[in-house]
Amino acid sequence: MTAEMPVEGTNGGAAAPTRGLLIVNQQSRSGKHLAERAMRALEKAGVDYEHEVPTHRHDISRLIRAGKGRVDRVLVGGGDGTMNAAAPGLIDTGVPLGILPLGTANDLARTLNIPFDLDGAANVIAAGRTRSIDLGEVNGHPYFNVASLGIGVDLTRALTRDAKQRWGPLGYAIAGLRVLNRLRAFVAEIETDGQTQRSRTVHLAVGNGRHYGGGMTVSEEALLDDGRLDVYSLEVDSVWQLLRLLPALRSGRTRQWTEIRTLAGQRIDVRTRRPRSVNADGEIVTRTPAAFRVLPGAVRVFAP
């Protein structure tokens with residue numbers, strides 16, 4: 001596991017950050033209402049910043065790259081999709097990430113034990129302690145938490161922005177019920193460490209982090225700095241079988257179930273008979289065939 005470390009000053013010693021770039025996703029569930037609260041929390045914690053408002057999620061990495069040399073940290077307010085949009089810019093610049101959880105699920109913050117309340121999250125940033133974490137990557141698209149095929153993609157399509165704004169975390173359950181009514185299995189070839197397995201599955205998840213989907217767990221052993229990807233495939237034939245597995249999927253204790261195939265590796269290749277969409281951190285980013293790999297220590301984040 002990578003040890004936590006202080007942000008380095010210009011003299012090579014530990015120093016608190018001097019100025020940050022605050023980027024708030026105004027399109028997240030409560031972004032417009034919580035942006036000012038996020039600013040007050042940062043000011044209360046003594047964190048200096050300049051503020052940029054992206055017009056689209058694709059602007060986030062552009063703004064991060066434009067701030068290189070001017071700021072020494074990036075403070076991102078939003079949910080997991082917003083953090084995902086920041087990943088390419090963070091990789092390119094090496095500037096550490098401060099997380100202000102303003103989304104529906106906030107699974108990256110959950111995995112890192114970052115408080116969901118803004119005062120607590122701002123205090124984590126003000127403390128100036130960072131740790132290096134891995135990223136996953138699928139067909140060139142980086143992600144923090146999980147990339148998936150099957151139910152994960154169907155859930156992304158069913159979970160509209162309006163549903164998240166109206167129902168919050170409950171929106172996942174409502175969208176999940178819609179998805180279960182259309183449950184269909186597909187066949188995937190999964191290659192890792194030179195060995196190929198064939199899985200008839202309804203859901204295939206390739207996790208870098210531990211949590212996704214509002215608190216679901218890829219594996220109870222998964223860490224953000226373990227240098228590997230954790231995979232599970234749900235090989236069920238009915239909704240009732242799937243519902244029986246929900247406690248295990250919530251806790252990550254999946255190895256005891258024959259209906260859950262588990263794998264791990266630094267590189268995972270997935271092929272399907274027909275191209276299937278792949279979801280990463282709640283955004284549909286590519287299609288199969290899908291090449292997954294781990295990017296060890298790719299990003300630094302402020303964490304407790």
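Student: Which residue forms a salt bridge with Glu220?

Tutor: This is a predicted model, in which local features need pLDDT of at least 70 and side-chain atom pairs count only at pLDDT 80 or more, while totals for chains, interfaces and linings use all residues. Residues are numbered from 1 along each chain as its sequence is written, and side-chain values use heavy atoms, with hydrogens and water left out. A salt bridge requires a side-chain nitrogen of Lys or Arg within 4 Å of a carboxyl oxygen of Asp or Glu. With closest N and O atoms 3.4 Å apart, the partner of Glu220 is Arg253.

Student: How many residues apart are Glu220 and Arg253?

Tutor: Helices (H or I, at least four residues) and strands (E, at least two) are DSSP runs, numbered from the N terminus. Glu220 lies in the loop between strand E13 (216–217) and strand E14 (229–234), and Arg253 in the loop between helix H9 (239–251) and strand E15 (260–265). The pair thus links distant parts of the chain, 33 residues apart.

Student: Is Glu220 buried, partly exposed or exposed?

Tutor: Buried means under 20% relative accessible area, exposed over 50%, and partly exposed in between (1.4 Å probe, protein chains only). The relative accessibility of Glu220 is 40%, so Glu220 counts as partly exposed.

Student: Why are Arg62 and Asp59 separated by about one helical turn?

Tutor: These two residues form a salt bridge, with closest N and O atoms 3.8 Å apart. An α-helix has 3.6 residues a turn, so residues three or four places apart point the same way. Arg62 and Asp59 are separated by about one turn because both belong to helix H2 (residues 59–66), at a spacing of 3 residues.

Student: Which residues have the most contacts inside the largest nonpolar core?

Tutor: A nonpolar core is a set of buried Ala, Val, Leu, Ile, Met, Phe, Trp, Tyr and Cys residues joined through side-chain atoms within 4.5 Å. The largest one has 46 residues, and those with the most contacts inside it are Leu42 and Phe144.

Student: Which helix gives the most to this core?

Tutor: In soluble globular proteins, nonpolar side chains tend to be buried together. Here the greatest contribution, 6 residues, comes from residues 31–44, which form helix H1.
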